[in-house]
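Hi,

Here is the structure I promised to pass on.

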Amino acid sequence: MNIIDHCLLKIGVYYGMGDYRKAIETATMIMNNSLKDDKIHEEGRKYKGMAYHLSKDYDAAIIEYTTVIANWKKQFGNEPNHAYELKGNCYFEMGNYFQAL
């Protein structure tokens with residue numbers, strides 16, 4: 001198991017324990033230890049957004065998801081459907097149903 005896989009596994013454990021601060025720290029570590037134009041960097045950002053989302057810091061989560069969407073399209077040329085869905089879920093949970101669509 002490489003270090004990135006190990007970190008992703010740890011993030012899942014932190015989610016399960018409800019320790020979103022540790023999940024955010026681990027996702028940030030993934031981002032800091034990967035190349036800016038690497039999918040791993042954007043995956044780290046996505047997991048960071050998910051930790052914010054789970055801790056109900058919706059504004060921070062939306063910022064992370066928006067950045068994933070912008071960077072993913074620019075760097076990899078396809079649509080990051082997962083980030084759109086997660087961002088829509090944040091808006092839905094905030095009660096902003098129009099933006100959730």
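**Salt bridges and a helix pair**

Please keep in mind that this is a predicted model. The count of salt bridges in it comes to 5.

Let me start with helix H2. Glu25 and Arg21 join their side chains in a salt bridge, with N to O at 2.7 Å. The two residues are 4 apart in H2, so about one helical turn separates them. Arg21 is exposed at 51% relative accessible area, while Glu25, at 41%, is partly exposed.

Lys46 is buried, with a relative accessible area of 11%, whereas Glu43 is partly exposed at 22%.

Then there is a salt bridge between Arg45 and Glu64, at 3.0 Å from N to O. Arg45 belongs to H3 and Glu64 to helix H4 (residues 58–76), so this pair ties together parts 19 residues apart in sequence. Both Arg45 and Glu64 are buried. Through shared partners, salt bridges link Glu42, Arg45, Lys48 and Glu64 into one network.

Now for the helix packing. The axes of H1 (residues 3–17) and H2 (residues 20–32) come within 8 Å and cross at roughly 165°, which means that H1 is roughly antiparallel to H2. The crossing is left-handed. Residues making the contact include Ile4, Leu8 and Ile11 of H1, and Ala23, Ala27 and Ile30 of H2. By type, the contact residues divide into 11 nonpolar, 1 polar and 1 charged.

Best wishes

Note on methods
Residues are numbered from 1 along each chain as its sequence is written. This is a predicted model: local features need pLDDT of at least 70, side-chain atom pairs count only at pLDDT 80 or more; totals for chains, interfaces and linings use all residues. Side-chain values use heavy atoms; hydrogens and water are left out. Axes are lines fitted to C-alpha atoms, for helices over the stretch in contact, and angles run from 0 to 180 degrees between N-to-C directions. Angles under 35 degrees count as roughly parallel, over 145 as roughly antiparallel, 65 to 115 as roughly perpendicular and the rest as oblique. A crossing is left-handed if the near helix is turned anticlockwise from the far one by less than a right angle, and right-handed if clockwise. Contact means heavy atoms within 4.5 Å. Ala, Val, Leu, Ile, Met, Phe, Trp, Tyr, Cys and Pro count as nonpolar, Asp, Glu, Lys and Arg as charged, and the others, Gly among them, as polar. A salt bridge is a side-chain nitrogen of Lys or Arg within 4 Å of a carboxyl oxygen of Asp or Glu. Buried means under 20% relative accessible area, exposed over 50%, partly exposed in between (1.4 Å probe, protein chains only).
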